[in-house]
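Okay, thanks for making time, everyone. Let me put the structure up and walk you through it.

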Amino acid sequence: MRINDDLTKPVIVHAARLDWMPSPAPGVERRMLYRVGGEVARATSIVRYAPGSAFPRHVHAGGEEILVLEGTFQDEHGDYPAGTYFRNPPGTSHVPAAEDGCTIFVRLWQFRKGDDVQIVRRPGEGEAATLREGAKEARVLFDDGEERVSTEVWRPGSAIKAQNLRGLEFLVLSGRLAVGGEQLEPQSWGRLPVGEPLEAMTGPNGAQIWIKDAPLQHADVFPMPG
């Protein structure tokens with residue numbers, strides 16, 4: 001399966017308008033944003049857990065990055081409310097579940113070799129960052145020099161410009177904004193190749209956005225089996 005796999009082209013997906021597709025686990029569905037591979041895939045998805053659903057224990061052979069969007073995500077280590085950010089590097093494992101249901105943003109098999117930092121950032125955690133024009137809040141969730149992951153809150157009616165020296169990926173968490181003539185809403189996801197800045201105009205209520213500043217695929221990305 002190949003979905004939005006040409007990393008040289010900009011892409012915007014309005015995920016909230018996509019159908020939910022079943023996963024191998026009962027009650028767990030997904031909206032596929034980017035995918036190369038079958039059930040084991042280099043992939044970016046929105047995943048929804050129905051109340052009481054769980055995914056069997058699995059090893060993150062290629063790494064897993066998660067942002068909890070709605071509800072409370074759970075595993076054997078604890079409960080993680082909306083706004084929690086994870087990095088589970090290759091070799092880690094858990095049993096994900098959601099007693100009351102939840103929705104998460106997930107990136108799989110996109111870690112590079114040697115990236116073995118496992119972190120959990122709960123809501124409000126992370127280092128405060130320098131504000132770009134039009135932003136009223138910015139928080140760095142992860143920065144190791146190779147990639148920088150942050151969330152930003154943008155003021156209503158603001159023109160925003162984010163430079164793009166490595167590649168940019170973003171997800172609208174709340175509010176609305178216009179990018180390249182398209183109106184983005186919560187769960188709208190975008191990816192821009194290096195050199196193409198993110199230029200946006202926020203709506204009357206502003207917006208909150210998750211941003212990854214990094215190569216769209218690391219040169220030393222962890223290899224998939226086969």
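Before I point at anything: two strands pair here if DSSP finds at least two bridges between them, and strands are DSSP runs of E, at least two residues long, numbered from the N terminus, while helices are runs of H or I of at least four. This is a predicted model, where local features need pLDDT of at least 70, side-chain atom pairs count only at pLDDT 80 or more, and totals for chains, interfaces and linings use all residues. Residues are numbered from 1 along each chain as its sequence is written, and side-chain values use heavy atoms, with hydrogens and water left out.

So, what is it built from? The protein has 22 strands and zero helices.

Let's look at β13, residues 102-108. Strand β8, residues 64-75, pairs with β13 in the antiparallel sense over seven bridges, and there E65 stands opposite R107. Strand β5, residues 41-49, also pairs with β13, antiparallel, over seven bridges; in that pairing I46 sits opposite F105.

Zooming out, 49% of the 226 residues count as buried. The C-alpha atoms fill a box of roughly 45 × 40 × 35 Å along the principal axes.

One last number: take contacts, meaning heavy atoms within 4.5 Å. Among those between residues at least 6 apart in sequence, 67% join residues at least 24 apart.

Key
Buried means under 20% relative accessible area, exposed over 50%, partly exposed in between (1.4 Å probe, protein chains only).
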